[in-house]
Amino acid sequence: PDYPSCLKYLLNRKIWCTTLKELEKQLLLMGENYKNDIFIKPEKDIKAFSVLIVSLDWISYLYELYDENLSIICSEIINIKSEYRVYV
């Protein structure tokens, strides 16, 4: 519900769905090349945790609270100068 497909062209960033486990694998492969430039949030239970900038430490912490197969939405971080929300 957060990112309707008809509006994705307006997001100006890459957004993808994955699991905690798969994201951890991706970060481990990136190794030192990872620059804390991904934020995550739960895909289905949007109140499970707040949006956070991901790190391997955070993933380890989330494993203590949630299953490794928890579906998450990942996004590149962009520099937002202002934000507007519209309710339809």
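Predicted model: local features only at pLDDT ≥ 70, side-chain atom pairs only at ≥ 80, totals over all residues.
**Exercise 1.** Determine which residues of helix 1 (residues 20–30) are buried, and which exposed residues are carried by the face turned away from its buried side.

*Solution.* Begin with the buried set, which in helix 1 consists of Leu20, Leu23 and Leu27. These residues lie on the same side of helix 1, because they cover an arc of only 65° around the axis. Turning then to the face directed away from the buried side of helix 1, one finds the exposed residues Leu28 and Leu29. Just after helix 1, finally, Gly31 adopts a positive phi of about 55°.

**Exercise 2.** Find the aromatic pairs in the whole structure and describe the geometry and setting of each.

*Solution.* The search of the whole structure returns 2 aromatic pairs. One of them joins Phe49 and Tyr66, whose arrangement is tilted, with 5.8 Å centre to centre and 50° between the planes. Because Phe49 belongs to the loop between strand 2 and strand 3 (52–53) and Tyr66 to the loop between helix 2 and strand 4, this pair ties together parts that are 17 residues apart in sequence. Phe49 is buried at 11% relative accessible area, whereas Tyr66, at 23%, is partly exposed. For Trp58 and Tyr61, the ring centres are 5.7 Å apart and the planes stand at 80°, so this pair is edge-to-face. Trp58 and Tyr61 are 3 residues apart in helix 2, and therefore separated by about one helical turn.

How values were computed
Residues numbered from 1 in each chain as written. Heavy atoms only, no water. Buried < 20%, exposed > 50% of the residue type's maximum accessible area, 1.4 Å probe, protein only. Helix = DSSP H or I, 4+ residues; strand = E, 2+ residues; numbered from the N terminus. Arc of directions from axis to C-beta. Phe/Tyr/Trp six-rings, centres within 6.5 Å; stacked < 30°, edge-to-face > 60°.
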